[in-house]
Amino acid sequence: MTCGGTPAPLAGRNHQDQPARLPRHHLRARRPRREAGARRLPAAHRLRHVPRALRPPAPALPTSGHRLARNPGLGPAYQRGGFTPYGHQAAAFARLSSYNLGPDKSRPLPTLVTTGTGSGKTETFLYPILDHVQRAKRHGQTGTKALILYPMNALANDQAARLTELLTKHPALGGITAALYTGESGPQRSMVTKDGLITDREIIRDTAPDILLTNYKMLDQLLLRAADAPLWQQSATSLQYLVLDEFHTYDGAQGTDVSMLLRRLGQTLKSYWRADEPGITDDDRQRPLGRITPVATSATLGDGTNPTAMLDFAHTVFGDVFTPDSVVTESRLTVHEWAEGARTGWLTVDESDTARDRLREIPLEDRAPADVTLDVLAALYDSAPGHVRHAVGPDGAGLLDLVRAHPTVHELIAAAESATSLADLSDELGPGTVEPLLTMLSHVRATVGRDAPSVEVHLWIRELTRVDRAATGSPEFRWADDGVVLEDTAPDDLPTTFLPAIYCRHCNRSGWGITLAPTGLDLDADDATIRRRAMNKDDRFRALIHAPLEALDAEPAENAPTAAPDDPTGLVWLMVEERRIAATRPDDGTIAEGLALPVLMNLGADAGADSIKDTCPSCRQPEGIRFLGSAIATMLSVSLSTLFGTPQLDGREKRALVFTDSVQDAAHRAGFVQARSHALTLRTLIRQALADGAADLDSLTHRVLALAGDSQNARYRLLPPELAERSDFAKFWATKTAAGIPPKLRAAMIKRLLLDIELEFGLRSGVGRTLERTGTALTYIDVPEARLLSIARGRCSPTGFS
């Protein structure tokens, strides 16, 4: 949980003569002292120059309220056309600016920016780069001045859109060229427009852009191909900045690859230097990157105290010297400092248990966050919501003060000093109090901005693999690979037996998986090999389906056989303590003690073959038996679809960033999530279309299409992923209104949508969380009785029947 401190503007308008009053960045819920590793900008490094493009009178940055809300630390000076940086941004500006070069600073200094997520790390390097590019172009310098590497295309595309907005909306930056060079296909642009950066590769080679955004794989290609050599020849002496975003991702083998790649970049540039190249020093020739200044950003690198390992890591990757001053971090406020000066007006703080009782009674479901916030503040201050609304004021100026002033909020922040489970927070603050408080803090953050605490909720999900089920009458599960489980049982009690959990994907019944000993019906001694033997199609594997109802229906006569040897399936008994399968019913005492469980099992001469085919002992369907679990990709797709389907979620927040261990995993997860998301979305739309009553498949198709209407996003969701970006289908969703869709394209889309609906209710209706399997919708044949009789008579009349 983090809180934003109030930013102090740079003193005065003459930034070259006035030192920066550096605001302390944002408060984490930490100990009541300045956090170790957090520091102010040393006096020697005070910002003496704000880049010309970022200071008045030339308004190089936007002045709209929208941008003001997006950029941290924007105060009154920004509204006059300037930009007020946070302390860590000012520190980075001082190191990276090429304006203040001299005997003690021959080039911008290597810098590591290690501030938190959303703290404005991009501004720390982007603004000095823009300032440097402007001055370099005024001096007639050509070639690329900055190379920014991102670990994945999604990040590169996001920052490209951000840079596009800066370059196209502000005349002061209009002369700067920037290009995006990735492996993705898309529109080819020969100049920076409001639609995006330069992407035409011939233009990039012919006239090197001032700023180049790419990834390390494409940089490798740029260094290999002879056709791209002009880019480096033009940039041999102009390339000043090399930025690696998300620096923590470049570890292990990937870090080694990138470090070697950067050395190749340095050698390539040096190959174009003349022996008497002006401005090139002996130090430039010795450094692997030459005169390039390396910059790295990361929200997770380092432990916040000793930067030695981080500096060594940076030196290994870049081959440049990083001193302790290279690390730019953030200063943080204590809770007391953040709350200092808060005013509550005539409202009185209520710290009693009664206030927390009132918090528990606040309804949260299907309510606007603003209404919940008023109720929470009313409970904390023992006042009516109307009085709280009056104290907040029509412009909301008093909202943050009421939050800052209350000790319960301070207690919550202190309790969340480090990652803490909601259960532990509830134990400390009281059951039912945490959710209303978090709802309030989330709303205040969204309303007030970075001066309010931020709420970061992490949902930790473990992949559902290797799940064991207790051999008992009631379901109980554990992870098979968690080692020995120490149970709170009496010394004489027998430990609970756990076996791999299985289920049938056709009839949904569940039970256990076992392997039989080489002979007889005894269980094999090694339960750890059950899954492996089942995957290897071992004919001694058996699926046991829990069968309590069949046991009740069975004849309880003493020693009566419950499963004939020649029956393919039948009721047998798992003797848990004896580790064997019994064909006869045990005594009632053994059953009552839970030492015998009724199960269905494949029997007879074909039992081994049935087990290899994963035939269910209950429904007798092949390919039915599966081990209980769900892969992380499936869980990811379902989680995202559920979250994004929440009606209260703002459409602007429907964005997901997924990190994977490798490029191969990323490609698989992206395609899988996209395909599953389309299937789940289509089911939701079908359910909405059936709200008006039953319909035949053709009518249902037209209903689903009509629901999309003129919404381009809604029409895009109807298309399968493999068709959405195809040029012949793109017009279906890119057209502004539904009426503008070409008739032939509409007809083709209706056919494809009908196919998807037929598959949902037909071939795929029995697999997965389909509408039929979940009981949401079903299909039936609607034929009039008279028509059926007519068909029957027509078929039967040749045979003499009437």
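A residue counts as buried under 20% relative accessible area, as exposed over 50%, and as partly exposed in between, using a 1.4 Å probe and protein chains only. By that scale Glu 202 is exposed, with a relative accessible area of 52%. The structure shown above is a predicted model, in which local features need pLDDT of at least 70, side-chain atom pairs count only at pLDDT 80 or more, and totals for chains, interfaces and linings use all residues. Residues are numbered from 1 along each chain as its sequence is written, and side-chain values use heavy atoms, with hydrogens and water left out. Helices (H or I, at least four residues) and strands (E, at least two) are DSSP runs, numbered from the N terminus.

**Salt bridges**

- Let's start with charges: the structure holds 36 salt bridges, a salt bridge being a side-chain nitrogen of Lys or Arg within 4 Å of a carboxyl oxygen of Asp or Glu.
- One of them joins the side chains of Lys 145 and Asp 210, at 2.7 Å from N to O. Lys 145 sits in the loop between α4 (121-138) and β4 (146-149), and Asp 210 in the loop between α6 (201-206) and β6 (211-214), so this pair ties together parts that are 65 residues apart in sequence.
- Glu 202 pairs with Arg 205 in another salt bridge, where the closest N and O atoms are 2.9 Å apart. Both residues belong to helix α6 and stand three residues apart, about one turn of the helix.
- An α-helix has 3.6 residues a turn, so residues three or four places apart point the same way.
- In helix α16 (residues 399-405), Arg 404 and Asp 401 are three residues apart, about one turn of the helix. They form a salt bridge with the closest N and O atoms 3.0 Å apart, and both residues are buried.

**Helices that pack together**

- Two packed helices are described by the angle between their axes and the distance between the axes. Here the axes are lines fitted to C-alpha atoms, for helices over the stretch in contact, and angles run from 0 to 180 degrees between N-to-C directions.
- Helix α14 (residues 369-380) packs against helix α15 (residues 385-392) at an angle of about 100 degrees, with the axes 8 Å apart. That makes α14 roughly perpendicular to α15, a label for angles of 65 to 115 degrees.
- On the α14 side the contact (heavy atoms within 4.5 Å) is made by Leu 374, Asp 375, Leu 377 and Ala 378, and on the α15 side by Pro 385, Val 388 and Arg 389.
- The residues of this contact divide into five nonpolar, no polar and two charged. Ala, Val, Leu, Ile, Met, Phe, Trp, Tyr, Cys and Pro count as nonpolar, Asp, Glu, Lys and Arg as charged, and the others, Gly among them, as polar.
- Helix α18 (residues 422-429) and helix α19 (residues 434-448) pack at about 105 degrees, with their axes 10 Å apart. These two helices are therefore roughly perpendicular to each other.
- Leu 422, Leu 425, Ser 426 and Leu 429 of α18 meet Val 434, Leu 437 and Leu 438 of α19. This contact has six nonpolar residues, one polar and no charged.

**The buried side of α11**

- In helix α11 (residues 308-318), the residues Met 310, Leu 311, Ala 314, Val 317 and Phe 318 are buried. They cover an arc of only 130 degrees around the axis, which puts them on the same side of α11; the arc is that of the directions from the helix axis to the C-beta atoms.
- The cover over these buried residues includes β3 (111-113), β7, α9, β8 (293-297) and β9 (327-328).
- Just after α11, Gly 319 takes a positive phi of about 75 degrees.

**Individual residues to look up**

- Glu 246 is a residue other than glycine with a positive phi, near 55 degrees. Its place is in the loop between β7 (241-244) and α9 (252-270), and Glu 246 is buried, with a relative accessible area of 17%.
- Arg 466 also has a positive phi near 55 degrees. Arg 466 is found in the loop between β10 (453-454) and β11 (467-470) and counts as partly exposed at 37% relative accessibility.
- Arg 683 lies in helix α25 (residues 663-689) and is buried, at 14% relative accessibility. Leaving aside neighbours within four places in sequence, Arg 683 is in contact with Glu 760, Arg 769, Thr 770 and Leu 771.

Methods: Parallel < 35°, antiparallel > 145°, perpendicular 65-115°, else oblique.
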